[in-house]
Structures are given as C-alpha cells and as structure tokens.
Amino acid sequence: MPQDAALQLATVSVVDALARSLRERVLDGQYAPGSTMTEAEISAAYGVSRPTARSALAVLIHEGLLHREANKRTSVPRLSREDVEDLFLARTPLEVEVVRLLVERGAVPVAAASRAVTDLHELGQDATHGAFVEADLRFHQSLVDAVGSPRISRVYRMIRGEMHLCMVQTRQVLGRERIVAEHRAVLDAMSSGDAAEAVSRMRAHLTGARHSLQSLFP
C-alpha cells in the first residue's frame, strides 16, 4: 500500500509539472490562438507518457485555457467579442463588490496591492507577456483574496486563466502606464475610505479594459 501511494504521488507530480509548463507557454503567448496540440506531440516533446500528456491537457481544458471538441485536436481558444463580453460580465460585478466590501470593512490590503503595482511599473521593456500579466492580475487577486471568502477566491481563480489570455492581448492596447495609473487610482480611493469613488474607478478600469480588448475583434 505505501509503495502504491508513492507511485501515485509521483505520477500526479509529473502531471502537475507538465500542466504548469504548458500553462505558462499558453499564457505567455507561445501558443497562438487557434494553435493545436496532440497528446502524441506533447508526449514526444516532454518525454512523458501519452496518458500523462492527456491528463495535463485535461487540466488546461478545465481551466478554459484549451478547448477540445469531439474528434478534433485540442487547441488554444480563439476569443471573440462575445467571449470578452461574457468574461467581463462575470468579472466586473465580482470585483466591484470586492472593492466595496474591503472599504466598508477597513480591510484594504495596501501592502500587497501596492507591491503588485510597483512590480508592474518596474518591469523591464523586455519582460515577457506572462510577467506583465502576472503583475497586473496579482493586483486584482490581492483584493479578491483580502475579502477572506474561500468561495469568492475560488470563483475568481476559475476565470483568471481566461482573463490572462485576454490580458496578453490587452497589453498592446491599454499599455503599462495606463494600467499602473488606474490601479493606483483605485487603491488611493480605497485607502481614503471613499467606497463610492473606489467602486467608480474600478468599474471604469474594467470597462476600459473590456472596450480595448473588444476593439481587437471585427
């Protein structure tokens, strides 16, 4: 029994490591929208078994980072205007409510949020898309997690991967300076205790991101 358990843990760790590597490559834009991949290709490229490749791909499919239809290859989703609209339909009410709750509770995570803003501001021009988006979304994640609701955090993480895909493209539209300025404006309003202003700034920030991303589509 102990030996079987150890083998199972080792197998899971390989799947997790492979899923993490594939996730980083997808979120960094190394796989363009519409790019396909197969279990055989992943197995050969990483030197793992096909069942391991299949399990890792299943993880990313569950996260919304890959898409697979019956009898077709797994592929990176091609986002549409409708996808962006639906994503922000879920995201905006949640984040606006998070901002309101944190201000009313006096629980604004100033240190964590400020660190994310500073990290984004100080990224070099040669930083990868993944590093840029990680710092951007870490600001939002710090607010969500500060509420202290396991369910809200879990829901947010369920859509974070797809948000990352969106933001990889949004970077070209919004620009780092604008994102940094808007994050600081939201945090300043929250720190001052002005819930209405903080909510207004967060809503405007997300609306601007949505419009900018949708402008990429016909």
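User: What should I know about the numbering and the model first?

Analyst: Residues are numbered from 1 along each chain as its sequence is written. The model is predicted, with local features needing pLDDT of at least 70, side-chain atom pairs counting only at pLDDT 80 or more, and totals for chains, interfaces and linings using all residues.

User: Where is S142, and is S142 buried or exposed?

Analyst: Helices are DSSP runs of H or I, at least four residues, numbered from the N terminus. S142 is in helix α6, residues 129-146. Buried means under 20% relative accessible area, exposed over 50%, and partly exposed in between (1.4 Å probe, protein chains only). S142 has a relative accessible area of 12%, so S142 is buried.

User: Which residues does S142 touch?

Analyst: Contact means heavy atoms within 4.5 Å. Not counting residues up to four places away in sequence, S142 touches P109, A112 and A113.

User: Where is R210, and why does R210 count as buried?

Analyst: R210 is in helix α9, residues 195-214. R210 counts as buried because its relative accessibility is 18%. Leaving aside neighbours within four places in sequence, R210 is in contact with V84, E85 and F88.

User: What volume does the largest pocket have, and which residues line the largest pocket?

Analyst: On a 1 Å grid over the protein atoms alone, a pocket is an open set of points where a 1.4 Å probe fits, with protein on both sides within 12 Å along at least five of seven lines; lining residues have an atom within 4 Å of a point. Points are joined across faces, edges and corners, and the volume is the space filled by probe spheres set on them. The largest pocket has a volume of about 280 Å³. Its lining includes R23, H62, E134 and R157. Helix α7 (150-174) gives the most to this lining, with 5 residues.

User: How does the lining of the largest pocket split by class?

Analyst: Ala, Val, Leu, Ile, Met, Phe, Trp, Tyr, Cys and Pro count as nonpolar, Asp, Glu, Lys and Arg as charged, and the others, Gly among them, as polar. The lining has 3 nonpolar, 3 polar and 5 charged residues.

User: What about the second largest pocket?

Analyst: The second largest pocket has a volume of about 200 Å³. Residues lining the second largest pocket include P77, V84, L87 and C166. Helices α4 (81-105) and α7 give two or more residues each. The largest share, 5 residues, comes from α4. By class, the lining has 7 nonpolar, 1 polar and 4 charged residues. V84 lines this pocket, and V84 is also in contact with R210.

How values were computed. Side-chain values use heavy atoms; hydrogens and water are left out.
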